[in-house]
Amino acid sequence: MERQFLRLERFIGRENIELLKKKRVALVGLGAVGGYALEALARSAIGSFTLVDFDIISETNINRQILALHSTIGKKKTEIAEHRVLDINPEAEVKVMNIFAEEGRYEEIFRGADIVLDAIDSLGPKVGLLESAYKSDVRIISSMGAALRRDPTLIRTCDLFDTWGCPLAREVRSHLRRRGVSRGIDVVFSPEKVNFKYIPPEEDDEIEFDDKILNRGRKRVMLGSLPTVTAIFGEMLAHLALKKLLPEGTLEGEAEWRPESR
């Protein structure tokens with residue numbers, strides 16, 4: 001295990017590796033974005049995880065979710081995620097919560113976490129989680145809409161109240177403002193213009209609810225998405241978490257001066 005994080009150690013130093021080993025990350029939502037965020041953090045020496053998701057893996061997840069394979073169809077995302085984390089880092093500690101993130105469960109989700117990552121893909125639960133974290137002084141970062149985006153170079157990070165061009169961010173911001181939430185929640189988002197064309201579901205399409213297992217909540221339209229874009233959203237979410245967990249400036253970069261064209 002000493003050599004597992006050697007490349008990372010030579011980049012950020014032994015003291016920071018030891019720091020990350022002592023951190024707990026709570027990750028809510030283990031789908032297209034959350035799965036890749038978890039992958040990056042597990043490979044970055046994070047020592048403890050709280051993994052929250054109520055869902056099971058389906059065939060339509062395979063195009064973009066790192067936990068989704070033909071061998072994992074029908075299995076709980078939390079269980080597959082736990083196995084993957086421990087296969088990457090057997091010394092990690094993983095707490096699994098196979099639940100729907102809702103009022104009454106937030107305190108348990110937040111317990112012991114140094115930072116919470118929101119990768120929920122539906123409006124109501126996302127707003128509830130963000131509001132609770134904000135009012136409980138729990139550090140949280142959130143992913144906005146990754147579906148229907150084509151250009152990964154447009155992906156950005158900033159405070160939720162500074163976002164533009166993202167319909168989900170606009171809705172989340174509006175709901176949170178009415179609940180007394182203001183600046184202080186960093187997000188990953190894309191200002192790319194979304195051209196949504198509704199395609200009626202086929203008769204054999206799976207029915208999507210906010211809670212698929214109990215078939216409850218709001219019935220949702222299945223949106224198209226690219227594995228390249230959703231994966232980068234997840235990696236950006238993980239990188240933003242690492243920046244906040246490490247001493248200020250550890251992961252700050254600076255572009256090289258570009259000479260004028262000749």
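**Cysteines**

I began with Cys158 and looked up its closest cysteine sulfur, which belongs to Cys166 and is 10.0 Å away, too far for a bond. I took a disulfide to be a pair of cysteine sulfur atoms within 2.5 Å, and by this rule I counted zero disulfides. As background, I noted that a disulfide is a covalent bond between the sulfur atoms of two cysteines. I then looked up how covered the two residues are, with buried meaning under 20% relative accessible area, exposed over 50%, and partly exposed in between (1.4 Å probe, protein chains only). Cys158 is buried at a relative accessible area of 18%, and Cys166 also counts as buried, at 2%.

**What I am looking at**

I reminded myself that this is a predicted model, in which local features need pLDDT of at least 70 and side-chain atom pairs count only at pLDDT 80 or more, while totals for chains, interfaces and linings use all residues. Residues are numbered from 1 along each chain as its sequence is written, and side-chain values use heavy atoms, with hydrogens and water left out.

**The chain as a whole**

I found eight helices and nine strands in the chain, where helices (H or I, at least four residues) and strands (E, at least two) are DSSP runs numbered from the N terminus. Of its 262 residues, 49% count as buried. I took contact to mean heavy atoms within 4.5 Å, and among contacts between residues at least 6 apart in sequence, 70% join residues at least 24 apart.

**Aromatic pairs**

I looked for rings of Phe, Tyr and Trp (its six-membered ring) with centres within 6.5 Å, calling planes under 30 degrees apart stacked, over 60 edge-to-face, and the rest tilted. The count came to three aromatic pairs. One of them joins Phe54 and Phe100, whose ring centres are 5.2 Å apart with planes at 50 degrees, so the pair is tilted. Phe54 lies in the loop between strand 2 and helix 4 (77–88), and Phe100 in the loop between strand 3 (93–97) and helix 5 (106–110), so this pair ties together parts that are 46 residues apart in sequence. Phe54 is buried at 17% relative accessibility, and Phe100 is buried at 15%.

I next looked up Trp164 and Phe189, whose ring centres are 5.1 Å apart with planes at 75 degrees, so that pair is edge-to-face. Trp164 sits in the loop between strand 6 (156–159) and helix 7, and Phe189 in strand 7 (residues 186–189), so the pair ties together parts 25 residues apart in sequence. Trp164 is partly exposed at 48% relative accessibility, whereas Phe189 is buried at 0%.

I checked helix 7 (residues 167–178), whose twelve residues reach 17 Å from first C-alpha to last, close to the 16 Å expected at 1.5 Å a residue; the expected span is 1.5 Å times one less than the number of residues. Its buried residues are Ala169, Val172, Arg173 and Leu176. Seen down the helix axis, these buried residues fall within an arc of 100 degrees, so they line one face of helix 7; the arc is that of the directions from the axis to the C-beta atoms. Helix 6 (123–135) is included in what covers them. Leu123, in helix 6, has its C-alpha atom 9.4 Å from that of His175, 52 residues away along the chain. Just after helix 7, Gly180 takes a positive phi of about 85 degrees.

I made the span check on helix 8 (residues 227–245) too: its 19 residues should span 27 Å at 1.5 Å a residue, and its end C-alpha atoms are 27 Å apart, which agrees. Its buried residues include Val229, Phe233, Leu237 and Leu245.

**Thr50**

I placed Thr50 in strand 2 (residues 48–52) and found it buried at 1% relative accessibility. Its side chain makes a polar contact of 2.9 Å with that of Arg24, a polar contact being a pair of N or O atoms within 3.5 Å, where within protein one must be able to donate a hydrogen and the other to accept it, and residues adjacent in sequence count only if both atoms are side-chain atoms. Leaving aside neighbours within four places in sequence, the residues in contact with Thr50 include Lys95, Met97 and Ile109.
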